[in-house]
Amino acid sequence: MSDEQPNKTIGVLTSGGDCAGLNAVIRAVVQRAGNTYGWRVLGIHDGTHGLLRRLVEYEELGLQLFTGNILRMGGTILGTVNKGNPFAFDMPDGTIEDRSEAFIDGCHELGISGLIGIGGDGSLAILHKLTDGKGIDFIGVPKTIDNDVPLTEFSVGFSTAVNSAVDALDRLQPTAASHDRVMILEVMGRDAGHIALNAGIAGGADVILIPEIPFNVDVIAKKLASLADLGRHHALIICAEAARPKDGDSVMKGGNYGGIGQLLSDQIAAATGAETRVTVLGHIQRGGIPCSQDRIIASAFGVHATDLLAKGAGGRMVAWQHRQVVDLPIADIAGRTRCVDVKDTLVATARGLGISFGD
Ligand code: F6P
C-alpha cells in the first residue's frame, strides 16, 4: 500500500491504567500522521468506552493542539479505563453483554481505517481481537509502569515510575540514618518485580523483595544484623507489592496487591527489635511528568506505529529491543507476561552489590 493516502483517518486511544508518557505517544502519532502523511487523527475518549457510547466520544487531534506542553504532561488527555472489556461488558442492569460489534460500528461511524491503541498486554490483546479481520488495521503500543509486556525491554511509563521510587529512597535514606530506622518502601508492579529491582539498585537499597524470589524474614534479619556489625543501624528495604514469603501468599487489599510493607514491618520489628517505618508509594508512581527515557521511547513508538499503518500493516505491536524500535505480531504476546528473570543481569548485579533478596 502506498504512503500517499491523504484522505485516511486513523484513531488513537489509551486503555488500562494510566502512566507517564501516554501523551508523548499521542503527540508523536499526531505529528507523524499530520506532518508526513496528511492524515486526520481522531482521539477516542476513555479507551474502548468512547467507541461503545452513542454518540461516539472522540475529538479531532489537529497539529495545532500540540503547542509544546502535551509532551510533558502526565496522565492521558484522552482519558482511559481499566475495565469494560467489550467482549464481556458489564451493563448497568447487572448483565454481561458482548459489545464487540458496537465497538466496530463505532470505528466505522468515524471512518477509521487504522487504530493505534496504547495499553498493557491485556488491553492490547483485546483490541487486537476486536479489530482482527474487521477491516481496521490495529497497532499496539505497550505502556505500563509494571514493564511486564512480553517481548519489549521497555514499556512507556516504567522509567518514570522507577525514577519516582528512586526519589523516594533518596528521601528515606537520610531520615533512616538520622533515626537508626529500617525504612520499608512498598512499590507497585503487579506480579513483576521490575520497579523494585531497578529502583532498589539505583536507590541503594539493602534488601530488594520481588515476587519472583520469595523471601524468608529470618534471612532479612541476618542481613540487618550484618549491617549492624559494620556499625550501621539503619537500612532501606524496597518491596514489590506482590512480594511474598517462601511459606505464604502475596498480600491483597480490595482486589489489588497491597499491604506487604506493613506485614514486613511488623515481622522485622518482631524478629530484630528494629524500629521500622513503612511508606507505600502508590499512584505517585503512575502520575507526574514523564522522564526523558519515557518521552524518547514514547516518541519512537508513536512514529513507528504510524509508519506501520502507512505500510498497511495491522495486528502488530511496537517494541523496544537492543536500543531499536521494532515491531512484532501482537499474537506473540498472547497469554504471556514478562516477570523478572532470576538469571537477569540486574539480579546478578544486585547480588554482586551485597543486596539481599531475602532468599
Ligand atoms: O498495572 C499498573 C498498576 O499500577 C499496578 O502496578 C497496580 O497493582 C495497579 O495498576 C493499581 O491499579 P488501580 O489503579 O486500579 O488501583
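This is a predicted model: local features need pLDDT of at least 70, side-chain atom pairs count only at pLDDT 80 or more; totals for chains, interfaces and linings use all residues.
Let's start with the open sheet. Four strands build it, in the order S9-S10-S8-S13, and the pairing is parallel. At the edges sit S9, residues 207-209, and S13, residues 275-280. Each of these two pairs on one side only. Ignoring direction, neighbouring strands here are turned by 20° against each other on average.

S9 runs parallel to S10, residues 235-240, and three bridges join them. Find Leu209 on your screens. Opposite Leu209 stands Cys239 in S10.

Next, strand S14. Which strands does S14, residues 316-321, pair with? One partner is S7, residues 137-142: the two run parallel, joined by two bridges. Another is S15, residues 324-329, and that pairing is antiparallel, over six bridges. In one direction, Ile139 stands opposite Arg316 of S14. In the other, Arg316 stands opposite Pro329 in S15.

S14 and S15 also form a hairpin, with two residues between them. Look at the turn. His322 lies in that loop between S14 and S15. Its phi is positive, about 50°, although His322 is not a glycine. Is His322 buried or exposed? It is exposed, because its relative accessible area is 67% and the cut-off for exposed is over 50%.

On to another positive phi. Asp46 is found in the loop between S2, residues 40-44, and H2, residues 49-52. Phi of Asp46 is near 55°, again positive in a residue other than glycine. With 23% relative accessibility, Asp46 counts as partly exposed.

Asp46 has a charged partner. It forms a salt bridge with Arg53, and the closest N and O atoms are 2.9 Å apart. Arg53 is partly exposed too, at a relative accessible area of 29%. As a reminder, side chains of opposite charge can pair when their charged atoms come close.

Which residue does Arg54 form a salt bridge with? The partner is Glu109, with the closest N and O atoms 3.9 Å apart. This pair links distant parts of the chain. Arg54 is in the loop between H2 and S3, Glu109 is in helix H3, residues 100-110, and the two are 55 residues apart. Arg54 is partly exposed, with a relative accessible area of 46%.

Stay with Arg54 for its backbone. A cis peptide bond joins Arg54 and Leu55, with omega at about 5°. Leu55 is placed in the loop between H2 and S3.

How many salt bridges does a search of the whole structure find? The count is 14. One of them joins the side chains of Arg277 and Glu275, at 3.2 Å from N to O. Arg277 is partly exposed, at 37% relative accessible area. Glu275 is partly exposed as well, at 36%. There is also a network: salt bridges that share partners join Asp46, Arg53 and Glu57.

Now a buried loop residue. Thr76 has its place in the loop between S3, residues 58-60, and S4, residues 89-90. Why does it count as buried? Because its relative accessible area is 17%, and the cut-off for buried is under 20%.

What does the side chain of Thr76 reach? It makes a polar contact with the side chain of Thr14, at 3.0 Å. It also reaches the backbone nitrogen of Leu78, at 3.0 Å. Leaving out residues up to four places away in sequence, Thr76 touches Thr14, Leu22, Asn23 and Ile26.

Last stop, helix H10, residues 345-352. At its start, a side-chain oxygen of Asp344 comes to within 2.6 Å of the backbone nitrogen of Leu346. Just after the helix, Gly354 takes a positive phi of about 85°.

See the hairpin of S14 and S15, with His322 in the turn. See the cis peptide bond between Arg54 and Leu55. And see Thr76, which is buried and in polar contact with Thr14.

Conventions:
Residues are numbered from 1 along each chain as its sequence is written. Side-chain values use heavy atoms; hydrogens and water are left out. Two strands pair if DSSP finds at least two bridges between them. Buried means under 20% relative accessible area, exposed over 50%, partly exposed in between (1.4 Å probe, protein chains only). A polar contact is a pair of N or O atoms within 3.5 Å; within protein, one must be able to donate a hydrogen and the other to accept it, and residues adjacent in sequence count only if both atoms are side-chain atoms. Contact means heavy atoms within 4.5 Å. A salt bridge is a side-chain nitrogen of Lys or Arg within 4 Å of a carboxyl oxygen of Asp or Glu. Axes are lines fitted to C-alpha atoms, for helices over the stretch in contact, and angles run from 0 to 180 degrees between N-to-C directions.
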